[in-house]
Amino acid sequence: MTQDLFRQDAYLRECSAQITAITDTGIVLDQTVFYPLGGGQAGDSGVLVLADGSEIAIADTRKGKDAEGRPTSDIVHVPAAGQEERLAQLATGAAVTARIDWERRHRMMRLHTTSHLLCHLVPQLVNGCSITPDYARIDFAMTDPLDKEQLTAGIAALVAAAHPLTVASISDEELDANPSLVKSMSVQPPRGTGRIRTIRIGGTTDNDLPVDLQPCGGTHVANTAEIGAIAVTKIEKKSATTRRVVLGFAQ
């Protein structure tokens, strides 16, 4: 089992850790700041710094799977190619420092938070998304056309309003009583622990309605002002019932 430190603090850039397993797919640690691919967000990259100061480059991060392909509680750090000699020297129990590529992660945090703002501006169900360091795409289940300039202006206004973001959780029963909190048709919130992580933008008091509130396991900025300049770069009609919105960093 890997303790996922990024769930509590998305701003952690590194942590000390111990190797608990070395598999054909990668390196498992007892705790990590590396976010694994999931919920539409790409996995983190970075380095594992060994005791002698040398580094293992990590190209991707994935959720662990058992022999039958079922997800486990492990997080697997996938080494970049061409490091076989150094990897052969690793041993279970060794101490390392896990350090993410912060600039890459922060770009994804900004884009992921913007995708939640887009859910406020386009109040339709989402049937697909992808959050990368360079762009984000969100597919909405809808038939009406969308206006690129109007959405860009709406995002800019929400960014400028400096809405704080709150990470919290609700029970399975609370989610069952409020199914409209789930905006995605393709990805359902993980259950099994009794609590489901939520992301709330704005609405810091009981009398102040949030800009957006939904279950989400991804990494986000603490305030919309941190997002900076984002633009809707493309709107596509993917099918008769799907409109794709692509977000990018404004030049």
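Helices (H or I, at least four residues) and strands (E, at least two) are DSSP runs, numbered from the N terminus. The model is predicted; local features need pLDDT of at least 70, side-chain atom pairs count only at pLDDT 80 or more, and totals for chains, interfaces and linings use all residues. Residues are numbered from 1 along each chain as its sequence is written, and side-chain values use heavy atoms, without hydrogens and water.

Serine 184 lies in the loop between helix H4 (172-177) and strand E12 (195-201). Its relative accessible area is 19%, so serine 184 is buried (buried is under 20% relative accessible area, exposed over 50%, partly exposed in between; 1.4 Å probe, protein chains only). The C-alpha atoms of serine 184 and valine 126 are 4.6 Å apart, although 58 residues separate the two along the chain.

Two aromatic pairs were counted. Rings of Phe, Tyr and Trp (its six-membered ring) pair if their centres lie within 6.5 Å; planes under 30 degrees apart are stacked, over 60 edge-to-face, and the rest tilted. Phenylalanine 6 and tyrosine 35 are edge-to-face, because their planes stand at 70°, with ring centres 5.4 Å apart. Phenylalanine 6 and tyrosine 35 are both buried. Tyrosine 11 and tryptophan 102 form a tilted pair, at 5.9 Å centre to centre and 45° between the planes. This pair links distant parts of the chain, 91 residues apart: tyrosine 11 sits in the loop between E1 and E2, tryptophan 102 in helix H2 (residues 102-121). Tyrosine 11 is partly exposed at 30% relative accessibility, whereas tryptophan 102 is buried at 16%.
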